[in-house]
Amino acid sequence: MAAKRIEKTVMTVLLIAGGLLMMIPFIWMITSSFKPENEFTAVPPTLLPKEFTFKNYVDLFTKLDFIVYLKNTLIIVFWSFVGLFLNALAGYAFAKYEFPGNKKLFYLVLATMMIPGQVTMIPVYLLINAMGLTNTMAGIVLPGLVGAFGIFLFRQFMSTIPTDLIEASRLDGAGELRIFFQLIVPITKPVFAVQGILAFIGAWNSFLWPLIMANDQKLYTLSVGLQLLKGQHGSDFGLQMAGAAFMVVPIIIVFSFFQKHIIEGYTISGMK
């Protein structure tokens with residue numbers, strides 16, 4: 001027993017030490033975003049600011065277009081959540097509707113998961129361009145509305161819902177949409193939770209596709225704006241730290257609060 005306690009204590013100390021070492025760059029980034037510019041050249045460098053200031057964040061939204069980038073990013077996040085219901089509807093159809101080619105079509109959807117996104121980027125761009133949606137928010141949002149991974153998770157979970165329950169609802173006179181929103185959606189909350197978190201993270205970090213699709217800076221996202229900030233204000237370290245912190249901190253907060261749902265969602269989908 002004593003040996004196990006010592007082993008557990010040593011492992012705990014090592015994990016805490018390793019975690020703190022990994023957190024140092026993030027802590028330094030966040031604290032540095034509140035430093036005035038003259039403290040970045042101080043030798044030795046300081047972890048905490050001697051003079052606490054919000055100037056870097058104020059400049060980020062007053063002198064630069066980060067308020068526009070934030071608006072565009074939130075629009076993408078909103079439509080990503082709309083895409084959740086499209087994925088759920090597709091998963092529900094594959095799980096509970098019998099139609100010709102059901103399994104073959106589902107396997108075809110799964111096969112798209114093995115194709116790297118870089119391979120389909122040019123064909124998708126050509127399609128969007130043919131539709132006249134380049135340099136528009138619709139062109140940025142549409143390709144990401146649905147995804148094979150989301151359809152797969154919803155289908156795996158919904159296939160375990162008893163069909164008799166759905167048939168009973170139909171006998172009671174409930175329509176298909178009512179059954180989906182009032183019966184299926186509440187049951188599939190764990191999958192909605194994990195997919196919602198992943199959709200938020202993916203939309204918040206969207207970089208490559210908005211950069212390719214948009215020629216106007218008014219359509220850029222936060223990630224693209226951060227890259228522009230690095231190029232245009234490479235010597236303004238406080239401004240760069242504020243931009244990076246503004247990008248990273250919401251992701252850390254969301255993941256910290258909902259990582260349990262992410263793990264449970266994967267576990268439930270895998271078991272089912």
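Modeller: Residues are numbered from 1 along each chain as its sequence is written, and side-chain values use heavy atoms, with hydrogens and water left out. The model is predicted, so local features need pLDDT of at least 70 and side-chain atom pairs count only at pLDDT 80 or more, while totals for chains, interfaces and linings use all residues.

Biologist: How many salt bridges does the structure hold?

Modeller: A salt bridge here is a side-chain nitrogen of Lys or Arg within 4 Å of a carboxyl oxygen of Asp or Glu. By that definition, the number of salt bridges in the structure is 3.

Biologist: How far apart are the closest N and O atoms of K55 and D59?

Modeller: Both residues lie in helix α2 (residues 55-62); helices are DSSP runs of H or I with at least four residues, strands are runs of E with at least two, and both are numbered from the N terminus. K55 and D59 are 4 residues apart, which means about one helical turn separates them. Their closest N and O atoms are separated by 2.7 Å.

Biologist: Is D59 buried or exposed?

Modeller: Buried means under 20% relative accessible area, exposed over 50%, and partly exposed in between (1.4 Å probe, protein chains only). K55 has 48% and is partly exposed. D59 has 12%, so D59 is buried.
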